Amino acid sequence: MIAPTILIADDEPDVRDNVRTYLERRIEAKVLEAKDGEEALACLRDNSCDLMILDIRMPKKSGIHVLDELKEMKKNVHTIVITAWDSDLVAEECVKRDVEVIPKPFLIDELYKKITQFLKKRNLLVLKNQP
């Protein structure tokens, strides 16, 4: 089985690092990172991603812009939005784009559960042997 590719797009280095480290210890996956919307789009253009963890408020291009351009690319990438931007407008925009939303600050276990549910559904989940 080929390991899934997961993109973490967030302008907060601690968030990217914590999520990447948590995932790399538990599942077989190629984990990519982007620090802003432009890097996320470049990563999506250059790689076949199965899953994206996406912040909304990022420099250069927002997460909403990333979602819209992803649709134009006609790439099917399951997306989980993590955001501290608590507004009805953001929630509405995410619902329109059929993405899951987890508010920041979030519990890493909650995010991990959503990730593993998706990977299991797609037969992409391979757990690592944990000590």
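I started with strand E1 and asked which way its side chains go: Thr 5, Leu 7 and Ala 9 point one way, and Ile 6 and Ile 8 the other way. On either side they are buried, where buried means under 20% relative accessible area, exposed over 50% and partly exposed in between, using a 1.4 Å probe and protein chains only. Five of the five residues of E1 are buried, so the strand is largely enclosed by the rest of the structure. My labels are DSSP runs numbered from the N terminus, H for helices (H or I, at least four residues) and E for strands (at least two).

A note on the source: this is a predicted model, in which local features need pLDDT of at least 70 and side-chain atom pairs count only at pLDDT 80 or more, while totals for chains, interfaces and linings use all residues. Residues are numbered from 1 along each chain as its sequence is written, and side-chain values use heavy atoms, with hydrogens and water left out.

Next I looked for the partners of E1. Strands of a sheet pair through backbone hydrogen bonds, either parallel or antiparallel. I count two strands as paired if DSSP finds at least two bridges between them. E1 runs parallel to E2, with five bridges joining them, and Ile 8 has Glu 33 of E2 as its bridge partner. E1 is also parallel to E3, through four bridges; there Ile 6 stands opposite Leu 51. Leu 51 turned up again opposite His 78 in E4, and E3 (residues 51–54) pairs with E4 in the parallel sense over four bridges.

What is the order of the strands in the sheet? I read E2-E1-E3-E4-E5, an open sheet of five strands with parallel pairing. Its edges are E2 (30–34) and E5, each pairing on one side only. Neighbouring strands are turned by 20 degrees against each other on average, direction ignored. For angles, axes are lines fitted to C-alpha atoms (for helices over the stretch in contact), and values run from 0 to 180 degrees between N-to-C directions.

Then the helices. H1 (residues 13–26) packs on the sheet and touches E1 (5–9), E2, E3 and E4, with contact meaning heavy atoms within 4.5 Å. The direction of H1 makes about 180 degrees with that of E2. H5 (residues 108–121) lies across E1, E3, E4 and E5, at about 175 degrees to E4.

How do H1 and H5 meet, and at what angle? They pack at about 55 degrees, with axes 11 Å apart. I noted them as oblique to each other, since angles under 35 degrees count as roughly parallel, over 145 as roughly antiparallel, 65 to 115 as roughly perpendicular and the rest as oblique. Val 19, Tyr 22, Leu 23 and Arg 26 of H1 make the contact with H5 residues including Ile 108, Leu 111 and Ile 115.

Last, I checked the backbone. Most residues other than glycine have a negative phi. Lys 74 has a positive phi of about 60 degrees although it is not a glycine; I found Lys 74 in the loop between H3 (63–73) and E4 (78–83), exposed at 74% relative accessible area. Asp 98 also has a positive phi of about 60 degrees without being a glycine. Asp 98 lies between H4 (88–96) and E5 (100–103), in the loop, and counts as exposed at 72% relative accessibility.
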